Each structure stands twice: as C-alpha cells, then as structure tokens.
Amino acid sequence: MTSNRRTFAIISHPDAGKTTLTEKLLLQGGAIHLAGEVKARGQARRARSDWMKIEQQRGISVTSSVMTFERDGVTFNLLDTPGHEDFSEDTYRTLTAVDSAIMVIDAAKGIEPQTRKLFEVCRLRSVPIITFVNKVDREGRPVFELLDEVADMLALDVSPQGYPVGMGGMFQGVLDFATGSVSRPEGPSKEFLGRRDENAELPEDLAEEIELARAGYPEFDIEAYRNGDLTPVYFGSALKNFGVSELIDAIARFAPPPRPQPSDEGPISPERDEVTGFIFKVQANMDPQHRDRIAFMRMVSGTFKRGMKLTPSGSGKPIAVHSPILFFAQDREIADTAEAGDIIGIPNHGTLRVGDTLSEKNAVRFTGLPNFAPEILRRVQLKDPTKTKQLRKALDDLSEEGVIQVFYPEFGAQWIVGVVGQLQLEVLVSRLSAEYKVEAGLEASPFATARWLKGPQAALDSFAEFNRANLARDRDGDMVFMAKSPWDVGYQQEKNPELTFSAIKER
Ligand code: G4P
C-alpha cells in the first residue's frame, strides 16, 4: 500500500516568500485553513498571555502550525516553521516531523544564512529537498549562477525542471521542461491566470541557454532526490502564481510518502499495525486561565481512532485521547481517524513533552529528536527566595515545552538556562511572571556554551572528579559540560579522547 500522505515543510530565509507561497499552495489545494492561527484570530485573542504580546510587537510568528490540504486524491500536511532565527530550535524540531522540504530562495539573493542553517538540519536527517527559486518576476541573478550556488554551497546535485523566460522587466513567463509549455503573465497585474503556450517560440539566445542548462546539469533521478543527494529546481513567482502548481505536482509525484522513523529498535515502518508517534512540539494554550497545552504528534504508524488509549514514554501512564485535533478543511476538526504522516493535536495538562513517544504498547522509543547546544546561557536570579519550588517547576515545565533548556549545576545553587536566541529569554521572563507568578531576573553566567558528555563510565567519573565546577545535569539528568569558551571545548576534547562532547543531543 502506498500512502497518499505528503508531510513537508518550507525552509527559507526571512523575506524569501515563504508566507506568500504557503498561501498560494493552500489556495490551489482548495482548502484554506491556517491551524494555530485560527485560534489566535478567534476569541482566544483577548486572553493572550504576555509572551504572545512580544510576538505581536515584534511582528513575528512564534507558534508553528499545521496546514492540511488535498489535491487530486493526495493529502498534503504542511508544517509551518517559524522563520525568525531566534526560534531555530523549534524550527529544527519541526523538521524532524516531516518527510521532505521545499527550499525557497529569492532569485536576487541566492542562498542566505538561515536557508543554509535549515538545510544543514535537513541533511542531518537526509530529508529530500525540492528547490523553488522565487521572485523571477523581478530582476534576479543569472540562472546559471543561482544553480551553481546551490550546487556549490550545499554540495548537492541540481536538476533544473524549468526556466524563467526573462526576469524583471523582461519577464515573459516560465518554461516547464516536463510539458514544454510556457506559463504566461496576463492582465494588468501580470499574473499567471492559466494561460499556457504549448511549443512557444523562444528568443534564440535564450533557447541556446536553456539547451545548455538541460545538457549541463544532471537529469532528475528520483532515488538521488529521495536520498537527499539531488534537488530538482523549479522557478516561479509565488506572488504572481507562477510555478506553484508545478511545485504541488512535484511534491505529489516525487516527494516521499511517510518514511520509517528511527527508534531504539531500528526504523519503524509506517506499515506497522500498532499506532505509534512522537511529540515534536508543545504549544501552551493561549488562554492563561487554563494551563492546557496542545502536544503535536507526528503519526509514524497505525491508524489512530478517537478515544484510543496511548501511552506516553515520559509518564508511562496510558491516556485516552478523546478530543484530538486534526488540522483540516475550513476549521480545526476533531480527529476521528489519522494515519501515518498525519499530525494530531492532543490537549493535555503538561503530561506530554517534546520528544515523547506515544504508542499503544509502550515498547518503542523514537530517537533523533535533537536538542541543540544553547549559544546563550544565563543564571536565573530569583527576586523572592521563598519561590524556589515554583521556579523549579516553571523551569522544568518550560524546558519540557522546549522554550528553554535548563541546567542544574553539580556545584552551587544557581540554575542556568540556555537558549539559542535572545528573544527566548524575554519570553521566559514574561511567562515566569504571567503564568507562574515568579519574578526572576537573568544575569550573566560564566559559561559560553554547553556540551553533552558521553563515554565509558570510568572516563566520565574521572572527568567529573577534576571538573566538578563545570558540570551540570539537564532536565533528564544527563551530564553536561559547561564550557567557558569554544576553545575550552576543544581543549577538553583533546585531553579526553575517550569522551565525546556533543553539541546536539538526540533524544
Ligand atoms: P517570508 O514569509 O519568507 O518572510 O516572505 P513573504 O512571503 O512575507 O514575502 C516577503 C516579501 O516578498 C513580501 O513583500 C512579498 O509580497 C514579496 N514576495 C513574495 N513572493 C514574491 C514574488 O514572487 N515576487 C515578488 N515580486 N515579490 C514577492 P513585502 O513588500 O515585504 O510585503 P507586502 O507589503 O507585500 O505584504
């Protein structure tokens, strides 16, 4: 049985056109529904907690959402990744829940830093990538230069699947290699409204250039694409609707259906009968009166039915999932069934945490949901010392949610929080105050970064003996080396070749 599910994300640098493309994909898919956002626009808006205000002030989207649409019998699950670089950790985790990605690049800018960072995460998990070169209705860089940049910077084979017929003022449409037709701009807005010229005459110099492009780059090879070694490249304009339907077709035809997921007993196939899945994101309810959360579960196998009992690996206590949320059609719908590749939202009171496996038999554990070494570390300074217990609870909760990472030093009483981006610190302080009534400040810590330690027990013990002042435990009790500088990490690694100092923790 081949699944008709395609679960994917869009990766890009801010401003490349991800939002515009998302809207166009949903329009073409027929169903416009922005989960996550629906809630924010509804009555819950009035009750937003403070951290949501930060989000509003900054004009960024902190919460990722799930959008489901259908076309020609294929169900697409598009997971939105927050574009702001401060939230990269959340974004990374979302990428663990997809089977493929679309990389959007701006034709005038090429590969930008955030695109590259996100690409590296995709590569870590061999997530196949389709490239969409956007904004060809504007003046952009020469096509060959763009193709070569993707190939060189990302060390990927590139296989163009079409070609812009001019750009900017000279823009006359986009040639599709598969059909040989050119989609043409129409009307005052010069949009693509459905006119395609078959066997269109092209200016001679352009025809030659296109011949060179077709001969000079590898042909599309689905195996190479699915292994993450080759990316098909489409050209278009999200704003003017060029290349969008070609892109959807490419996802439907080439992008992989739900893939087996790594676990402690080896890859778990989507064909397995048992319902299994993992939590890749937890979103606190926007209503501060209720401490409810929605845990987003990526279904790995089985057919989920409403009311089913699933056991989270964290608590080990089965829960009956009575009101799961499916992100579908015009509104959030209560899910009756869901299958491998789908995302369901499970309301809970904090029992489910990021990285948890949920399953019927409570036997498998999915691995590979990464934590990233924080680049910013702060000591938490409690203003009212009688609130230590509340603070610990809050830090544990928020780290379970993935907002921060928390480190409890072996020596000394001051807890340390770690984040990948500055904005997370503001979110932390305001949520501590709004939701836990804990007033806390953050002060400089002597540490610059953290590394998870692994190795033979004897080597760990002897390292611990001499470096107690630099050791901490994370929320899972795993040992972490708190480094004063990146140099410190290198130095210790050299001195302790038996140990690994890892910047990524795979759960
Ligand atoms: P993002 O989510 O990746 O950050 O990008 P977004 O879609 O918001 O697009 C960023 C800007 O680029 C927007 O313009 C958008 O209209 C424009 N844009 C997106 N796709 C295309 C395209 O294919 N061609 C052209 N010419 N422009 C495109 P803005 O002026 O920043 O915002 P707005 O005032 O238009 O909303």
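Between which two elements does the loop that holds Lys135 lie? Lys135 sits in the loop between strand 5 and helix 6 (143-154). Helices (H or I, at least four residues) and strands (E, at least two) are DSSP runs, numbered from the N terminus.

This is a predicted model, in which local features need pLDDT of at least 70 and side-chain atom pairs count only at pLDDT 80 or more, while totals for chains, interfaces and linings use all residues. Residues are numbered from 1 along each chain as its sequence is written.

**Domains**

- The chain is divided into domain 1 (5-60 + 101-254), domain 2 (276-359) and domain 3 (370-506); the bounds come from an automatic or database domain assignment.
- The centres of domain 2 and domain 3, taken over C-alpha atoms, are separated by 28 Å.
- Between these two domains, six residues of domain 2 are in contact with six residues of domain 3 (contact: C-beta atoms, placed from the backbone, within 7 Å).
- On the side of domain 2 that touches domain 3, four residues are nonpolar, one is polar and one is charged. Ala, Val, Leu, Ile, Met, Phe, Trp, Tyr, Cys and Pro count as nonpolar, Asp, Glu, Lys and Arg as charged, and the others, Gly among them, as polar.

- Strand 1 (residues 5-12) has eight of its eight residues buried, so it is largely enclosed by the rest of the structure. A residue is buried if 20 or more other C-beta atoms lie within 10 Å of its own, exposed if 12 or fewer, and partly exposed in between, with C-beta atoms placed from the backbone.
- Arg5, Thr7, Ala9 and Ile11 point one way from strand 1, while Arg6, Phe8, Ile10 and Ser12 point the other way.
- Strand 1 runs parallel to strand 3 (residues 74-79), joined by five bridges, and Ala9 stands opposite Leu79 of strand 3. Two strands pair if DSSP finds at least two bridges between them.
- Strand 1 also pairs with strand 4 (residues 100-106) in the parallel sense, over five bridges; here Ile11 stands opposite Met103.

**Ligand surroundings**

- There are 17 residues around the ligand, of which Gly17, Thr19, Thr20, Ser237 and Leu239 come nearest (near: C-beta atom, placed from the backbone, within 6 Å).
- Helix 1 (residues 18-29) gives the largest share of this shell, three residues.
- By class, the shell holds four nonpolar, seven polar and six charged residues.

**Helix 10**

- Helix 10 (residues 388-401) has 14 residues and should span 20 Å at 1.5 Å a residue, which agrees with the 20 Å between its end C-alpha atoms. The expected span is 1.5 Å times one less than the number of residues.
- Its buried residues are Ala394, Leu395, Asp397, Leu398, Ser399, Glu400 and Glu401.

**Individual residues**

- Most residues other than glycine have a negative phi.
- Lys135 has a positive phi near 70° and is buried, with 26 other C-beta atoms within 10 Å.
- Ser126 has a positive phi near 50° and lies in the loop between helix 5 (113-124) and strand 5 (129-134). Ser126 is exposed, with 11 other C-beta atoms within 10 Å.
- Glu70, in strand 2 (residues 66-71), counts as partly exposed, with 14 C-beta neighbours inside 10 Å.
- Glu70 and Asn4 are 66 residues apart in sequence, and their C-alpha atoms are 9.9 Å apart in space.
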